[in-house]
Amino acid sequence: MKIKKLLTALVIVSVVLLAGCKNDDYVAINGGPCPVVVSVTPVSGATLVGRSKVNSVSAAARTTLVTATFNKKMDPKTINESSFKVKISGESTVDGIVTYTDSTATFTSTNKFPDNKTFEARITTAAKDLMGNAIQVDYVWSFSTGTTILPVLNTTSPFANETNVALNKTITAAFSMPMDQSTITATTFTLKNGAIPVTGVVSGLGNNASFVPTVALTPNTVYTAKITMAVKNTDGTTLAKDTTWTFTTINVYALNITAVNGTVAKNPNAPTYNSGTNVILTPTPAVGYSFSSWSGDATGSNNPLTVNMNSVKNI
C-alpha cells in the first residue's frame, strides 16, 4: 500500500513538472522544466558589431556568428534553420547554417554581415529540450553593424495567420525597445476588414502598443493589421518598413431549440456559440409528460445531452 502511494506521488510530481511548461503563467528558471535562452552574442542592443572600433556594449566582433545559450541540453534535431533565424530588419532573412554544441546554438552566416544594418535574431518555439518541452515564446533580440539600432516589431497578438481569433480580441504589438507613444496612433496602427477600416482605440505603453476594436469583430473573417514606419522609438528612430499581418476570426453558430410539452435548458445559455463550444442540453418535461428522445440535429435519448457546436444546430 505504501509503495502504491509512493508511485502515485511520483507520477503526480512528474505530471506537474511536465505540465508546468504548458501553463501560460509559468515562469521558467534555470534547471526548471522549461528551456529558456540565458545568454546571446552579440548581446541585445549591441552596436558597431564587427567593426574594428566597438563601443562598450558591443558583443562579438565576428561578423558571421550569432549564438544563443540555453539553460539546459536541447534536442539537436530541433535546433536548425527553422528554429534559429537571423534577418536584416525590414529586409530578407540572412542565409546561414545552424549548429548546436553543449547547450549553445550557433548561426553562421553564409556571407559577412553588411555595414549599417539592424539585425533581428529569433529562437522560435520549435526549439525543444531532450524531454520535448519547447521554449514558451519566441526569444528575439537585435543588434546593429552601425551606430543605430532600428526598433523591431518582435511579436504580435494575434500572430500572423492565426485562426479562430476571438471576436472581442485586442490587437497587440510588442517592440524591441521603448517607443515614442505619441507616434502610436489610429493612423500608424490600423486594422481593416478587406478594404474597410475598423474603428478602434489605439494606445501604447513602453515597448507595447494595442488596438481595441470599438465593436466586436465579424465571425470567420480575415483581418489585416498594419503598423507603419511612422512609428518611432524614444530616440526618434523609425521602423525599417511598414509591417502588416493577417488573422482570421472564429466562426459562430446558432443553436435553435424547439421543445414540445416541456423545456430545454442550455448551459451555457447564449444565442450563438464559438465554433467548438460544447453545450449541455437538459430537458424538463411538462407535468404529466416524460422525456422520450431528441430529433433534428441530435438523436438518441441521452439526458443531459452534450452538443458540439461545429455548425448551426436545430434540435
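Predicted model: local features only at pLDDT ≥ 70, side-chain atom pairs only at ≥ 80, totals over all residues.

Reader: Sheet first. What is the strand order, and is the pairing parallel or antiparallel?

Author: The order is β3-β6-β7, and the pairing is antiparallel. These three strands form an open sheet.

Reader: Which strands are at the edges?

Author: β3 (84–88) and β7 (139–144). Each of them pairs on one side only.

Reader: By how much are neighbouring strands turned against each other?

Author: By 20° on average, with direction ignored.

Reader: How many bridges link β3 and β6?

Author: Five, in the antiparallel sense. Strand β6 covers residues 118–123.

Reader: And what stands opposite F84?

Author: I123, in β6.

Reader: Now E120. Where does it sit, and is it buried or exposed?

Author: E120 is in strand β6. Its relative accessibility is 8%, so it counts as buried. The cut-off for buried is under 20%.

Reader: What does the side chain of E120 make a polar contact with?

Author: The side chain of R122, at 2.8 Å.

Reader: Which residues does E120 touch, beyond four places away in sequence?

Author: K85, V86, K87, V140, W141, S142 and V152.

Reader: Let's follow V140. Which strand is it in, and is it buried or exposed?

Author: V140 lies in strand β7. It counts as buried because its relative accessibility is 16%, and the limit is under 20%.

Reader: What does V140 touch, leaving out residues up to four places away?

Author: E120, A121, R122 and N154.

Reader: How far apart are the C-alpha atoms of V140 and S44?

Author: They are separated by 8.7 Å. Along the chain, the two residues are 96 apart.

Reader: Switching to the backbone. Which peptide bonds are cis?

Author: One joins T41 and P42, with omega about -10°. Another runs from N303 to P304, with omega near 5°.

Reader: Where are P42 and P304 found?

Author: P42 is in the loop between β1 (37–41) and β2 (65–70). P304 lies in the loop between β20 (278–285) and β21 (305–308).

Reader: Is N161 buried or exposed?

Author: N161 is exposed, with a relative accessible area of 58%.

Reader: And N164, what is its phi?

Author: Near 55°, which is positive. N164 is found in strand β9.

Terms used
Residues numbered from 1 in each chain as written. Heavy atoms only, no water. Pairing = 2+ DSSP bridges. Helix = DSSP H or I, 4+ residues; strand = E, 2+ residues; numbered from the N terminus. Axes fitted to C-alpha atoms, helices over the stretch in contact; angles between N-to-C directions. Buried < 20%, exposed > 50% of the residue type's maximum accessible area, 1.4 Å probe, protein only. Polar contact = N/O pair within 3.5 Å; in protein donor to acceptor, adjacent residues only side chain to side chain. Contact = heavy atoms within 4.5 Å.
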